[in-house]
Amino acid sequence: MMTTDVKTMNWMSGESEHVDSVEIQTFGFWVYLMSDLVLFSALFATFAVIGHNYAGGPSGKDLFHLPYLFGETMFLLVSSAACGFTMLAVHRGRKALVLLGLAVTFLLGLGFITMEIHEFYGMIISGNGPERSAFLSAFFTLVGTHGTHVSFGLIWMAVMMGQVAAKGLTRPVRSRLMRLSMFWHFLDIVWVGVFSVVYLMGVI
Amino acid sequence: MASASMDSSGAGRGSLKTYITGFVLSVLLTVISFALVMGGGVPRSAMVWGISSAGIVQIFIHLHYFLHLDASSAVRWNVMALLFTLLIIFIFVGGTVWVMYTLNLRMMW
């Protein structure tokens, strides 16, 4: 009876989790990612329907610069791989290596989002903002939502660097790092859809 | 024991080899997609098929090598949730595109 109470209390407090709770949290986070996938699919569907209504404005052919986009894509892809390598260091309990890996992942992700903001800025100051046409409204909503996710991922990553430095690779910290890596890989998967459907299909 | 339990679910089951394999394959497929469009000289329909196929294969590569989804029992419910989500997306996106692209045709009848 006593043991059960203690176990329940630990489970509730979140800091010293029960063995099963990590798996439950991982699955719960996976369900969140799946709901996020449904959100993105709604934005993709919107883009598929109104993405060719240019209202006399520019099309993807006029706006997208593929070598630039390739660089942006590589930033996110290498960042995703770096995140995977970081998780290997997490499982081996190599704290310094984890911090280095997170820093590299963060900087590559920052490179991606900086390039995206630069692209958006250039489009908006030349009068091709989201208000220009249905195509650009759908474009900014879809790509911007992905960019917002990446930005929040970067904030999360910065927080986790602080937690790893301050608390070390404790069980709760490792479990959070695992969910962060799932989030990061998920965003790279969504980006594969974005560059294929929006950019590459947009210029042919 | 505790560590093994954490490794058994979700993103925690990789090895150096799987991450490198996944990364190399992803780069390869991305390059194929971009080369198809930037190289030119390929018919438009071939480009659309090429980009779609490379994109879908790359998504599966990511799911397998980075998120470690497979047929094992450890991630059975993750796969179930994904399959259910794909069904919803198929109905949702497929239905939207089907209805909206045949709108003119439907309105004439």
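Buried residues make up 37% of the 204 residues in chain A, a residue being counted as buried if 20 or more other C-beta atoms lie within 10 Å of its own, as exposed if 12 or fewer do, and as partly exposed in between, with C-beta atoms placed from the backbone. In chain B, which has 109 residues, the buried share is 27%. The structure is a predicted model, in which local features need pLDDT of at least 70 and side-chain atom pairs count only at pLDDT 80 or more, while totals for chains, interfaces and linings use all residues. Residues are numbered from 1 along each chain as its sequence is written, and chains are lettered from A and ligands numbered from 1 in the order in which they are written.

The predictor assigns the complex an ipTM of 0.87 and a pTM of 0.89. For chain B the average pLDDT is 87, and 87% of the residues score at least 70; pLDDT is the predictor's confidence in each residue, from 0 to 100. Over residues 1-11 of chain B, pLDDT stays under 50. For this stretch the model has 31 contacts beyond four places in sequence, where two residues are in contact if their C-beta atoms, placed from the backbone, lie within 7 Å. Where pLDDT is low, the predicted coordinates should not be read in detail.

Chain A contains seven helices and zero strands, and from the N terminus on its elements run α-α-α-α-α-α-α. Helices (H or I, at least four residues) and strands (E, at least two) are DSSP runs, numbered from the N terminus. The C-alpha trace of chain A spans about 70 × 35 × 25 Å along its principal axes. Of the contacts in chain A between residues at least 6 apart in sequence, 80% join residues at least 24 apart. Chain B has five helices and zero strands, in the pattern α-α-α-α-α along the sequence. In chain B, 58% of the contacts with a separation of 6 or more are accounted for by residues 24 or more positions apart.

Within chain A, helix α4 (residues 66-91) packs against helix α5 (residues 95-125) at an angle of about 165 degrees, with the axes 8 Å apart. Axes are lines fitted to C-alpha atoms, for helices over the stretch in contact, and angles run from 0 to 180 degrees between N-to-C directions. α4(A) and α5(A) are therefore roughly antiparallel to each other, given that angles under 35 degrees count as roughly parallel, over 145 as roughly antiparallel, 65 to 115 as roughly perpendicular and the rest as oblique. The crossing of these two helices, α4(A) and α5(A), is left-handed; a crossing is so named if the near helix is turned anticlockwise from the far one by less than a right angle, and right-handed if clockwise. Residues of α4(A) in this contact include A:Phe75, A:Leu76, A:Cys83 and A:Phe85, while α5(A) supplies, among others, A:Leu102, A:Leu108, A:Phe112 and A:Met115. The residues of the contact of α4(A) with α5(A) comprise 15 nonpolar, seven polar and two charged. In this classification Ala, Val, Leu, Ile, Met, Phe, Trp, Tyr, Cys and Pro count as nonpolar, Asp, Glu, Lys and Arg as charged, and the others, Gly among them, as polar.

Helix α4(A) also packs with helix α7 (residues 171-203) of chain A, at an angle of about 160 degrees and with the axes 10 Å apart. That makes α4(A) roughly antiparallel to α7(A), and the crossing of α4(A) with α7(A) is left-handed. On the α4(A) side the contact includes A:Leu69, A:Leu76, A:Cys83 and A:Met87; on the α7(A) side it includes A:Trp184, A:Trp191, A:Phe195 and A:Tyr199. By class, the contact of α4(A) with α7(A) has 14 nonpolar, four polar and two charged residues.

Between the chains, 41 residues of chain B are in contact with 42 residues of chain A. Helices α1 (2-7), α2 (16-39), α3 (44-66) and α4 (76-101) of chain B each supply at least two residues of the side that touches chain A. The most is given by α4(B), with twelve residues. The side of chain B that touches chain A has 25 nonpolar, 14 polar and two charged residues.

Most residues other than glycine have a negative phi. A:Ala55, however, has a positive phi, near 50 degrees. A:Ala55 is found in the loop between α2 (19-50) and α3 (60-63) of chain A and is exposed, with 10 other C-beta atoms within 10 Å. B:His68 likewise is not a glycine and has a positive phi, of about 60 degrees. This residue, B:His68, lies in the loop between α3 and α4 of chain B and is buried, with 24 other C-beta atoms within 10 Å.
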